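Me: I have a structure open and want a quick tour. Can you take my questions one at a time?
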Amino acid sequence: MFLDKIVNQTRLDLAQRKIEHPIEELQRLAFEQSSPRDVLEAFEPRDQVHLIAEVKRASPSKGLLAPDLDPVATALLYEQHGAAMISVLTEPHFFLGSPEYLTAIKHAVSIPVLRKDFIIDDYQVYEARAWGADAILLICAILDDEQLRHLLHLAHSLRMRALVEVHSRAEAQRAVDAGAMIIGVNSRDLVTFKMNPYLIREIRQMLPANRIIVAESGIHSPADVRRLARYDVQAMLVGESLVVSPDMPGQIRMLLHGANRTTQVKICGLRDAEHIDAAIEAGADMLGFIFHAPSQRYIAPERIPSLLAASNHYAHIDEGQVLPDLVGVFVNKEAAYINDVAEQAGLHYIQLHGTETPEFCQQIKRPVIKALSLTDKADLHQLADYQAVTWRLLIDTPTPEWGGSGRTSDWDLAYRAAQQEKILLAGGLTVGNVADAIQQVHPWGLDVSSGVETDKRKDVQKIHAFLQQVRQSEKDVALK
Ligand SMILES: O=P(O)(O)OC[C@@H](O)[C@@H](O)c1c[nH]c2ccccc12
């Protein structure tokens with residue numbers, strides 16, 4: 001098994017290095033270093049997704065990635081294009097890393113540098129500091145609770161930070177209990193190398209809001225990074241897709257732009273597998289189902305599993321593709337009922353479209369999207385009341401029938417709201433007006449239902465046209 005193999009090799013190497021360089025020598029070198037760079041500051045502001053760019057020439061899962069990579073030139077390029085931190089592999093056998101890369105990179109750049117290795121012993125922590133590292137990686141899977149706490153403490157005592165890596169709920173809990181401030185969720189299983197892109201969605205909710213969360217591994221595409229913006233992570237750790245890219249600056253720009261400046265699209269009121277497939281193919285980020293019986297778009301919650309099973313994309317899960325998040329829309333239902341449906345139907349977010357109070361929102365066991373209608377400036381104060389207890393706010397047109405009216409909301413008020421919070425804009429969006437909506441409101445996301453319908457039914461062409469228009473408008477904004 002790979003992980004055992006590498007830990008055994010690490011032990012052998014370590015025994016050798018301990019003979020060559022006694023620990024006292026490393027401790028002395030470690031204490032001689034100037035103070036580590038501030039790692040926490042590198043992740044400010046916390047509501048953005050920052051890039052930890054990795055210098056990695058090879059990996060056991062992918063083999064040679066970029067054997068001729070110049071580590072220092074690459075790190076400088078990462079920094080120049082906006083990386084917040086550099087991760088440097090120092091493991092020589094499986095990742096073709098080296099301590100020399102770490103030291104040379106530390107001297108060349110002015111952002112913090114992480115030692116990426118399989119750390120199991122105090123000796124390696126002193127080494128990291130002696131080589132210039134500002135942070136180290138600690139992998140939960142190869143450490144017991146005692147070791148984890150001890151190594152974390154040792155890193156802190158040398159004024160370094162630790163990125164504590166987890167790959168399950170249980171490990172995430174261990175990391176939190178050990179007092180980890182920076183928690184990395186690795187989508188790649190280090191034992192089987194299998195990717196689970198959904199892991200971050202599963203684990204994110206159980207991690208305290210005051211920690212820095214890092215999404216690790218397999219981050220390549222615009223869709224990958226738009227997802228990270230939904231899971232409120234503070235950083236993404238990217239290696240492969242950078243080192244193999246023929247246009248590294250372009251790839252960095254795409255990653256940072258995609259995670260921080262693109263618009264999330266939720267297609268709401270879906271009732272047919274055909275339209276679910278169309279929304280997925282068009283690149284929708286969230287799919288919404290209306291569980292409000294008076295609505296024309298109502299679907300019974302019990303029907304969701306069979307509806308999804310009838311979709312080609314859900315029936316034949318294709319590895320490279322990540323499926324959207326599912327949102328259930330409720331109007332003034334009981335919390336217990338909503339929580340039950342969320343569980344049964346496998347919903348990721350709950351949208352509350354009635355007169356639910358902030359206190360009510362706190363009873364919901366999924367992140368909440370609270371719909372609010374703003375009629376004048378005075379209504380903006382509601383935002384703050386809900387913001388603290390919800391995931392996102394959705395600004396809809398005020399109507400007596402709880403949304404779906406097809407009328408546009410007040411974009412000026414929505415713009416003010418979008419300056420304060422991450423909002424979803426809803427109400428009367430169509431392929432014809434969505435570019436203007438993005439320009440005028442700068443919303444975090446868009447919610448469309450009637451605008452992608454013909455004769456009150458979803459329209460495959462309109463779904464595609466809408467998403468194309470959104471993605472095109474984002475590009476135009478980026479070029480400006
Ligand atoms: O190259 P990728 O798929 O972008 O992944 C980077 C990083 O997450 C990965 O290198 C990594 C995550 N955890 C590790 C532990 C050891 C070695 C490597 C890793």
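Me: Which of the 15 residues around the ligand come nearest?
Reply: Glu216, Ser217, Leu237, Gly239 and Glu240 come nearest, out of 15 residues around the ligand. Near means that the C-beta atom, placed from the backbone, lies within 6 Å. One caution: this is a predicted model, where local features need pLDDT of at least 70, side-chain atom pairs count only at pLDDT 80 or more, and totals for chains, interfaces and linings use all residues. Residues are numbered from 1 along each chain as its sequence is written.

Me: Which elements give two or more residues to that shell?
Reply: Strand 10 (235–238) and helix 10 (240–243) do. Helices (H or I, at least four residues) and strands (E, at least two) are DSSP runs, numbered from the N terminus.

Me: And what is the shell like by class?
Reply: The shell has 4 nonpolar, 5 polar and 6 charged residues. Ala, Val, Leu, Ile, Met, Phe, Trp, Tyr, Cys and Pro count as nonpolar; Asp, Glu, Lys and Arg count as charged; the others, Gly among them, count as polar.

Me: How many bridges join strand 6 to strand 7?
Reply: There are 5 between strand 6 (residues 135–139) and strand 7 (residues 161–166). Leu138 has Val164 in strand 7 as its bridge partner.

Me: What does UniProt place at residues 3–254?
Reply: An unreviewed UniProt entry places "domain: Indole-3-glycerol phosphate synthase" there. UniProt positions are given in the numbering used here, feature names are shortened, and annotations may be inferred rather than shown by experiment. The span is 42% helix and 17% strand, and its end C-alpha atoms lie 32 Å apart.

Me: At what angle do helix 18 and helix 19 pack?
Reply: Helix 18 (residues 411–420) and helix 19 (residues 434–441) pack at about 50°, with axes 9 Å apart. They are therefore oblique to each other. Angles under 35 degrees count as roughly parallel, over 145 as roughly antiparallel, 65 to 115 as roughly perpendicular and the rest as oblique.

Me: Which residues meet there?
Reply: Trp411, Ala414, Tyr415 and Ala418 in helix 18 meet Ala437, Gln440 and Val441 in helix 19. Contact means C-beta atoms, placed from the backbone, within 7 Å.

Me: Last one. Is the peptide bond from Glu44 to Pro45 cis or trans?
Reply: The Glu44 to Pro45 bond is cis, with omega near -10°. Pro45 is in the loop between helix 2 (23–32) and strand 1 (50–55). Most peptide bonds are trans.

Technical notes. Two strands pair if DSSP finds at least two bridges between them. Axes are lines fitted to C-alpha atoms, for helices over the stretch in contact, and angles run from 0 to 180 degrees between N-to-C directions. Two residues are in contact if their C-beta atoms, placed from the backbone, lie within 7 Å.
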